[in-house]
Structures are given as C-alpha cells and as structure tokens.
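Biologist: I have a structure on my screen and would like to learn how to read it. Could you go through it with me?

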Amino acid sequence: MAEYDYDVLIIGAGPGGYVAAIRAAQLGLKTACVESRETLGGTCLNVGCIPSKALLHGSELFDEAKNGHFATWGITAKPTLDLGKMMAEKTKAVGELTGGIEFLFKKNKVTWLKGHAAFEDAHTVKVGNDTVTAKDIVIATGSSVTPLPGVTVDNAGKRIVDSTGALDLEEVPEHLVVIGGGVIGLELGSVWRRLGAKVTVVEFLDQLLPGMDGEVRKEAQKIFKKQGMEMMLGHKVTGATAKGKSVTLTIEPAAGGEAKTIEASHVLVSIGRRPNTEGLALDKAGLSVNNRGQIEIDHEFRTAVPNIWGIGDVVPGPMLAHKAEDEGIAVAENIAGLTGIVNHDVIPNVVYTAPEIAGVGITEEQAKEQGLAVKIGKFPMMANSRAKANRDTDGFVKVIADAQTDRVVGVWMINSLAGTMIAQAAQAMEFGATSEDIAYTCHAHPTHAEAFKEAAMAVTGKPIHM
Ligand code: FAD
Ligand code: NAI
C-alpha cells in the first residue's frame, strides 16, 4: 500500500489551486484538490474576475448605446435595461467557466474532494468526516473581503454589500456609496454608474488606485470624475446603518476633523482583501501566519514546513488571478522535482474600467524611492491615429527605462485597450527589452499598440507623431 493517499493535495480550487492541481496531474503525480464551494474556480471564477468582467462588458454596451459613442456615430438608440437578463448572462458565463474546470479535473484525473480542509498534521488533512494524507500539500485558500468596523456587510439584505453582493443586486441603486477607491470600487462603481446609479467614491487616501503610477492615478481620477463619479478623497467611513431603503453613513476627514453624514440607497465595502487561513488549523501542521495574516514562503513557494507549500492570495504579493495561476504551475513543477519560477518583477496589473488602466514593473515614484535614474517616454492617445479614428482618445502610454542601460523597468498606460496592450510590455520586459528594442519593433498600423512604440521612441525624445 502507498505511504500516502495522494502525492499532492491542494487546498483550494481557485486560479492558484486548480492550475497547480492540473499541472501536478500532468506531471504524473496522483493529485487531489479540496474545495469547500459548490463549484470550482475560487473567487476569480465565481465571485471575482469573471462575473465582474461580464457585468463591465454588459454595462459598457448599455452606456455606449445610451450616453456615449452610438450618438457620436449618428446612431440613434433608446436602450432599456433588463437587469435580470444581464445578471442571467453573467451567471451563464460563470457556469460555463466553473463547469469547464470540472471537466479539466476529470480529463486530467484530478480528484475533487468536496468540503472544508483542516490540518491534522503536516501530511494529514481532515475534509468533513474523511481523513486524507499526502506527501506534499499546497495551501491555495485565497482571500476574502476585509471587514470595516462600524459597517456590517449584509449581502442577503442587499443594502450594505461587499463585491459579492454588488455583483448580484436586483435593482440599480439610486445612490451607491463605494467605500474604497481601489480596483473593486472603481470597477463595480463603473458598472452601476453606467446602469444609472449616482456613485460616490469615499477614499481614505488623497488619490485613487494606490500602488499605480502617479500620472496614471491622476488621469484616472480626472476621467472618472468626467464620467460622473463623485469623489470624496481623503475621507474615511466610520459607520453605516441601513434602515428600510436607505443607508446613513458617517464620514470623517482622514486627517481628522468634523464628521458628517450622507444618505445612500446602497453601500459597497471595498477596502481590500485578507488571506483565508481561518479554520485551517495551521498550528497542527507547525505553521503560523505573519503580521498581515499571510503564510510566508521561500522563492520555491515552500513554507516553513518542507512538504507544505503556499501560492496565490494567501501568500505575500499582489492578489491577482494570473499571479496565482503562474505560482500554481511553478509550485507543481517544484514538487515534481523540476524548476518552477515566477518573475514577480513582471506581473501585469489591469483595471477593467473604460478606459482600461494597466501597468507592469515599477512606477516612476518607486524608481525615485529606489534611487534609480530613469528616462521616461510618454505618448498621448490623442496623437494615435486609431484612437483618433475611433473617437476614443482618452489616456496615454508611459515607458520608464533605466537611464544607464535603457532597459525598460516599467510601463503604465490608460486607454481603451490597455488591458490587452500591457501583455506586450510584460513580454518585452521578460525578455529584458530596452526602449530601443520596442521602438524598432514594427507595429501594425493603425493600432492603439503603436502608442506603446511611440512612447518607447519618446524615451530618447524621438516620437514621430508628437
Ligand atoms: P481564490 O480564488 O480565493 O480561491 C481559493 C479557494 O479556496 C476558494 O474557492 C475557497 O472556497 C477555497 N478554500 C479556502 N479555504 C478552504 C478550506 N479550508 N478548505 C477547502 N477550500 C477552501 N484578479 C485578477 O487578476 N483580475 C481580475 O479581473 C480580478 N477581478 C476581481 C474581481 C473581484 C470582485 C474580486 C473579489 C477579485 C478579483 N480578482 C481579480 C482577484 C482574484 O480573484 C484573486 O487574486 C484570485 O482568485 C486568487 O486566487 P487563489 O487561487 O489564490 O484564491
Ligand atoms: P484595494 O486595495 O485595491 O483598494 C482598497 C482601497 O480602499 C484603497 O484605496 C484604500 O486606501 C481604501 N481604504 C481602506 N480603508 C478605507 C476606509 N476606511 N475608508 C475609505 N477608503 C479606505 O482593494 P479592493 O478594491 O477591495 O480589491 C481587493 C483586491 O482584489 C485588489 O487589491 C486586487 O488585488 C484584487 N482585484 C483585482 C482586480 C483586477 O485585477 N482587475 C479587480 C478586483 C479586485
């Protein structure tokens, strides 16, 4: 009889866990994946990336027809909204994708153990009433919404909601107050604004989108304001009470000062996410968490206990699905005795608003903090022929290159296709490209991507169309 039930047991079937499971099975390891949700795919497929992007797409179509570009092009449309149908289409997309993972598990012979996992010891996990053993165990339990003291989320009540509730409202809010001007606040705030809600974003800092390049943050703020989002920057919410169809919020200046109250019909709490480790009984496996609640790992994704590994949102680093996926592949390869690597310096980051906002590598501010001398090239979409032809000229592309070596260290952009264009920047950086390499790469005309080439040309002061 084998010493263990499985070679590898993965806890959590999000983009980190399900990808790790499939790769481990592909590499010939006997693999099981524990998931407590009814469907596979984790936060991303069930209540994150996929449903939010479905609603962003649907709401953008509505907004284009109602307020935007249809009229610019001489097309008269009087769209009406069937919110139920929009939600049903989102649910269909989610169902197809989560079902797809189930299919891939079967195809690759990954066993799905349904239930909540808790450690018994470093090789043993309890799943419901069953006990399972494995030689190696990967923790890929992801993250959940960070609660805000004084503001109790009640997704069932549909007044004060988190991202999961905001993906499932049954009516368009009259006035949605979004707490937190980060990625979720701006994406889901955009969805509901486009569908007709008045949206107020209350953000603790004096700017939106922490972590992104300063110029991109400034431009984003300008554009969101122009689109009609109200901003209360430098403010924090200290309390919210729902009564009937309205919510009263108490808001204070972040720097201190007099509190005021505002009324809303709905509130979205989106102040960040925290790692899921509760109920895992990490101590029984000899593990603990750091002061941010994360499980520490080394560069091979190994925890302090040699046969236990960690990936995705539960370990340090950006909480992004593609980061979790790449770590999933790498950890499986490391367990199989291969060399799995993720270049954490080149993880793209995209906000799927309109226009999209994207970046990879370091910001101009980070270069300064690191004492790295850089040269910057910027190119406005206003001077890009395709954007001009499409009447879609908001934003710019910014290339940051090492002043000495010309190697590109960061690319930031805000424009309608930034989420797609950033892949080219990531690939160039992965290959160690200089701004000159990008400037001398032939880009098809007319495309938005030419703005990236021109921004690279601008690093040495030689763009053509500006
Ligand atoms: P998760 O996807 O959180 O999966 C972990 C799984 O583990 C869960 O299904 C959970 O049920 C299960 N689990 C936890 N504990 C246990 C246990 N003890 N036993 C059994 N099962 C357990 N990222 C992007 O890159 N792009 C986006 O567009 C994007 N959009 C987002 C939109 C929203 C609204 C949200 C909330 C997040 C979004 N994210 C996006 C972030 C992305 O969803 C996460 O970074 C990603 O899902 C992390 O993957 P993971 O595998 O680490 O964890
Ligand atoms: P976030 O970290 O992006 O933004 C939270 C914002 O809330 C910050 O700007 C913070 O300053 C602010 N804040 C904190 N406390 C506050 C308070 N009391 N009052 C007012 N503002 C306050 O977190 P968010 O938007 O919840 O998203 C969580 C994570 O999910 C993201 O960091 C990202 O990793 C992931 N995600 C990624 C997406 C993408 O890749 N497109 C989309 C959605 C989520």
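What follows is a chat about a helix, a ligand and a few residues.

Modeller: Before we start: this is a predicted model, where local features need pLDDT of at least 70, side-chain atom pairs count only at pLDDT 80 or more, and totals for chains, interfaces and linings use all residues. Residues are numbered from 1 along each chain as its sequence is written, chains are lettered from A and ligands numbered from 1 in the order in which they are written, and side-chain values use heavy atoms, leaving out hydrogens and water.

Biologist: Which helix does Lys-323 lie in?

Modeller: Helices here are DSSP runs of H or I with at least four residues, strands are runs of E with at least two, and both are numbered from the N terminus. The run that holds Lys-323 covers residues 321-335, and its name is α9.

Biologist: Is Lys-323 buried or exposed?

Modeller: Buried means under 20% relative accessible area, exposed means over 50%, and partly exposed is in between, using a 1.4 Å probe and protein chains only. Contact means heavy atoms within 4.5 Å, and Lys-323 touches residues including Pro-316, His-344 and Ile-347. Because its relative accessibility is 0%, Lys-323 counts as buried.

Biologist: How many of the residues of α9 are buried?

Modeller: Among the buried ones are Ala-321, Glu-327 and Ile-335. Their cover includes β1, α1, α3 and β17. Helix α9 is mostly covered, and the buried count out of its 15 residues is 11.

Biologist: How far apart are the end C-alpha atoms of α9?

Modeller: The expected span of a helix is 1.5 Å times one less than its number of residues. With 15 residues, α9 should therefore span 21 Å. The model agrees, as the distance between the end C-alpha atoms is 21 Å.

Biologist: Now the ligand: which element gives the largest share of the shell around ligand 1?

Modeller: A residue is near a molecule if one of its heavy atoms lies within 4 Å of it. By that rule 38 residues surround ligand 1, and the closest include Glu-35, Lys-53 and Ala-321. The largest share, 4 residues, comes from α2.

Biologist: How much of the accessible area of ligand 1 does the protein cover?

Modeller: Let's begin with polar contacts, which are pairs of N or O atoms within 3.5 Å. An oxygen atom of ligand 1 is 2.7 Å from an N or O atom in the Glu-35 side chain, and a nitrogen atom of the ligand is 2.8 Å from a polar backbone atom of Ala-117. Accessible areas come from the Shrake-Rupley method with a 1.4 Å probe. Of the 990 Å² that ligand 1 has on its own, the protein covers 93%.

Biologist: What does Leu-338 count as: buried, partly exposed or exposed?

Modeller: Leu-338 lies in the loop between α9 and β18. Leaving aside neighbours within four places in sequence, Leu-338 is in contact with Leu-27 and Glu-333. Since its relative accessibility is 44%, Leu-338 counts as partly exposed.

Biologist: How far apart in space are Arg-386 and Ala-32?

Modeller: Arg-386 is found in helix α11, and its contacts beyond four places in sequence are Pro-446, Thr-447 and His-448. Arg-386 counts as partly exposed because its relative accessibility is 34%. Arg-386 and Ala-32 are 354 residues apart in sequence, and their C-alpha atoms are separated by 49 Å.

Methods
Polar contact = N/O pair within 3.5 Å; in protein donor to acceptor, adjacent residues only side chain to side chain.
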